[in-house]
Amino acid sequence: MELVWAAEEFEPPGVGTFIYPPIFGEVTKPVVQLVFAAIIVGAVFLLGTRKLSLVPGRGQFALEYIYNVARNMARDQIGHDFKPFIPLVLGLFSFILVNNFFGIIPVFQFPTMSRIGFPLALAVFVYITYHYAGIRKHGFVGYIKHASLPPGVPPFIAPLIVIIELFTKFVFQPISLALRVFAAMFAGHLVLGLAVVGGEFLLHAGGGLVVAAPFPFIGAIAFTFLEALVMTIQAYVFALLAAVYIGAAVSTDH
């Protein structure tokens, strides 16, 4: 993050903080982080499951715990057809979690999901998955009926309900899925950057302002722990909502 200020004027970090020049070709730092996150997730699960034992060590215990979180999400939200979707829910949670935590890891210091294109791409993937699962379960016509008209709706308001339901499932859900994690990562990174840049400005300002310099740094440290919690919650919520949408698509009830 580049620290920019004039001698007597503080310039807070803005949208430019999230723009990185290409490293080579069209590849930027966030793209490299995205690929690196996929490698990390794949390597951790491959290496961590090579030699499983009945009495798990710390590494196996941690992986089993993460797996059980994803499995319980899939089971509770999707129902008896949940097993084929466990890898998807597990992959989404792990992948987003690693990309989010890049924002507080030295060297990286940038949450990949604060670039809207990345969570939007994941949301589109989930969008295709749950609609495909619903069509495969009910057939195309059956799925459209299942997704658009809840049972027991009075005929005189059925057209309005159909419009609302179709808009929700085909437009609003993928957009809201992407915006949740994006907004949290964008705002968190901006606030953390503001605290650090503010402390740096006070430190260099001289005079009585130097006395106040430690407080933004203390706030940045405290906010980092809060941000770590938010990063975990957002990864969990994204995976959970993916399971909810799949469950709604394949359910026999509305």
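User: How far apart are Glu-165 and Lys-169 in helix 6?

Analyst: Glu-165 and Lys-169 are 4 residues apart in helix 6 (residues 158-205), a separation of about one helical turn. Helices here are DSSP runs of H or I with at least four residues, numbered from the N terminus. This is a predicted model, in which local features need pLDDT of at least 70 and side-chain atom pairs count only at pLDDT 80 or more, while totals for chains, interfaces and linings use all residues. Residues are numbered from 1 along each chain as its sequence is written, and side-chain values use heavy atoms, with hydrogens and water left out.

User: What do the side chains of Glu-165 and Lys-169 form?

Analyst: A salt bridge, at 2.6 Å from N to O. The term means a side-chain nitrogen of Lys or Arg within 4 Å of a carboxyl oxygen of Asp or Glu.

User: Is Glu-165 buried or exposed? And Lys-169, buried or exposed?

Analyst: Glu-165 is buried, at 17% relative accessible area, and Lys-169 is buried too, at 14%. Buried is under 20% relative accessible area, exposed is over 50%, and partly exposed is in between (1.4 Å probe, protein chains only).

User: How many salt bridges does the structure hold?

Analyst: It holds 3. Arg-75 pairs with Asp-76, with the closest N and O atoms 3.2 Å apart, and Arg-75 is partly exposed at 37%. Lys-137 pairs with Asp-81, with the closest N and O atoms 3.3 Å apart.

User: Which parts does the pair of Lys-137 and Asp-81 tie together?

Analyst: Lys-137 lies in helix 4 (residues 117-138) and Asp-81 in the loop between helix 2 (58-78) and helix 3 (86-101), so the pair ties together parts that are 56 residues apart in sequence. Lys-137 is partly exposed at 38%, and Asp-81 is partly exposed at 27%.

User: Switching to helix packing. At what angle do helix 3 and helix 8 cross?

Analyst: Roughly 155°, with the axes coming within 9 Å; helix 8 covers residues 214-250. Axes are lines fitted to C-alpha atoms, for helices over the stretch in contact, and angles run from 0 to 180 degrees between N-to-C directions. Helix 3 and helix 8 are therefore roughly antiparallel. Angles over 145 degrees count as roughly antiparallel, under 35 as roughly parallel, 65 to 115 as roughly perpendicular and the rest as oblique.

User: Which residues make the contact?

Analyst: From helix 3, they include Leu-88, Leu-92, Phe-93 and Ile-96. From helix 8, they include Met-231, Ala-235, Phe-238 and Ala-242. Contact means heavy atoms within 4.5 Å. By class, this contact has 16 nonpolar, 3 polar and no charged residues. Nonpolar covers Ala, Val, Leu, Ile, Met, Phe, Trp, Tyr, Cys and Pro; charged covers Asp, Glu, Lys and Arg; the others, Gly among them, are polar.

User: Where does Phe-95 lie?

Analyst: In helix 3. Phe-95 is buried, at 17% relative accessible area. Setting aside neighbours within four places in sequence, Phe-95 is in contact with Leu-34, Ala-37, Ala-38, Val-41, Met-113 and Leu-122. The C-alpha atoms of Phe-95 and Ala-37 are 6.4 Å apart, although 58 residues separate the two along the chain.

User: Last one, backbone. What phi does Val-107 have?

Analyst: A positive phi of about 80°, although Val-107 is not a glycine. Val-107 sits in the loop between helix 3 and helix 4 and is exposed at 72%. Gln-109, also not a glycine, has a positive phi of about 50°. Gln-109 is placed in the loop between helix 3 and helix 4 and is partly exposed at 48%.

Methods
Helices (H or I, at least four residues) and strands (E, at least two) are DSSP runs, numbered from the N terminus.
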